[in-house]
Amino acid sequence: MSVNGKAILVTGAGQGIGRGIALRLAKDGAKLALVDVKADKLGDVRKEVEALGSKATTFVADVSKRDDVYAAIDHTERELGGFDVIVNNAGIAQVKPLADVVPEDLERIFRINVDGVVWGIQAAAKKFQDRKQKGKIINASSIAGHDGFALLGVYSATKFAVRALTQAAAKEYASHGITVNAYCPGIVGTDMWVEIDERFAEITGAPKGETYKKYVEGIALGRAQTPEDVAALVAFLASDDSDYITGQAILTDGGIVYR
């Protein structure tokens, strides 16, 4: 399994799962375009990637803005001398009872988690076609894209949407040699889960850390997931070994949701 020499764009690469994906791909020999809305964090990840011996470039973009995503892909091609894979990783969480959801909540999370994936699929596929080459599109879904979770209803809806987009895009672009798949993490020990736990504590009155602990205790393999666990699956999906897989949303959760 190898991504050696491939030019790969990772959104949300400044921290958490995105950083973990970038570092794993760098270890495997890929050239990386690191994209995030937070400019201050991109520089540190770039240094880590370069320390592993891989070429890296950074680009500040808001994935909810279509023009930003197209510009990020153009930047990748120009700076890395090609474009082979996009990892549509950027996303946000939202913990709120459905009864309390307001239009602004829906607009914000859908613009990032769903619109951002649409623009990533669209822009990447166009670039692959313009270059007359095959390509890989890899999207971030979740266990919440397979099961709806209480207090995470809207977030779950966005991740179900990613699964639908992944399937539809796989069918639309297969004849062009473009595969489209998604990865579905579980309980990952990142800043996002710190935020989720804190919001659960505010809503339910549970002590801080209790919600995270409860979910981790339900994992069959007995431990929380790490960004490296997620990155291992993404590295496979980015490699030639996954060439005959498309339209799938693969669970990588240690044993929480079973399909």
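**Exercise 1. Helices on the sheet**

Solution. The model is predicted, so local features need pLDDT of at least 70 and side-chain atom pairs count only at pLDDT 80 or more, while totals for chains, interfaces and linings use all residues. Residues are numbered from 1 along each chain as its sequence is written, and side-chain values use heavy atoms, with hydrogens and water left out.

The elements are DSSP runs numbered from the N terminus: helices are H or I with at least four residues, strands are E with at least two. Angles run from 0 to 180 degrees between N-to-C directions, and axes are lines fitted to C-alpha atoms, for helices over the stretch in contact.

Touching here is contact, meaning heavy atoms within 4.5 Å.

**Exercise 2. The neighbours of strand 4**

Task: How many bridges join strand 4 to strand 1, and how many join strand 4 to strand 5?

Solution. Start with strand 1 (residues 7-11), which runs parallel to strand 4 and is joined to it by 3 bridges. Val10 has Val87 of strand 4 as its bridge partner.

On the other pairing, 4 bridges join strand 4 (residues 85-88) to strand 5 (residues 135-140), again in parallel. Here Val85 stands opposite Lys136, and Val87 stands opposite Ile138.

The side chains complete the picture. Val85 and Val87 point one way from strand 4, whereas Ile86 and Asn88 point the other way. These four residues are all buried, that is, under 20% relative accessible area; exposed means over 50% and partly exposed in between, with a 1.4 Å probe and protein chains only.

**Exercise 3. A helix pair**

Task: Is the pair of helix 6 and helix 7 roughly parallel or roughly perpendicular?

Solution. Helix 6 (residues 191-204) and helix 7 (residues 210-217) pack at about 115°, with axes 7 Å apart. The classes are roughly parallel under 35 degrees, roughly antiparallel over 145, roughly perpendicular from 65 to 115, and oblique for the rest. Helix 6 and helix 7 are therefore roughly perpendicular.

Helix 6 contributes Trp193, Asp197 and Phe200 to the contact, and helix 7 contributes Glu210, Thr211, Tyr212 and Tyr215. By class the contact has 4 nonpolar, 1 polar and 2 charged residues.

**Exercise 4. Salt bridges**

Solution. The structure holds 15 salt bridges, each a side-chain nitrogen of Lys or Arg within 4 Å of a carboxyl oxygen of Asp or Glu. In the pair of Glu77 and Lys127, the closest N and O atoms are 2.8 Å apart. Glu77 lies in helix 3 (residues 66-80) and Lys127 in helix 4, so the pair ties together parts that are 50 residues apart in sequence. Glu77 is partly exposed at 22% relative accessibility, whereas Lys127 is buried at 12%.

Asp105 and Lys96 form another salt bridge, with closest N and O atoms 2.8 Å apart. Asp105 is buried at 14% and Lys96 partly exposed at 21%.

The side chains of Asp229 and Arg223 also meet, at 2.8 Å from N to O. Both ends are partly exposed, Asp229 at 24% and Arg223 at 44%. Elsewhere, shared partners join Asp74, Glu77, Lys127 and Arg131 into one network.

**Exercise 5. Positive phi**

Task: Where do Lys132 and Leu151 lie, and what is the phi of Lys132 and of Leu151?

Solution. Most residues other than glycine have a negative phi. Lys132 has a phi near 55° and sits in the loop between helix 4 and strand 5. Lys132 is exposed, with a relative accessible area of 76%. Leu151 has a positive phi of about 70° and is found in the loop between strand 5 and helix 5 (153-173).

Notes. Ala, Val, Leu, Ile, Met, Phe, Trp, Tyr, Cys and Pro count as nonpolar, Asp, Glu, Lys and Arg as charged, and the others, Gly among them, as polar. Two strands pair if DSSP finds at least two bridges between them.
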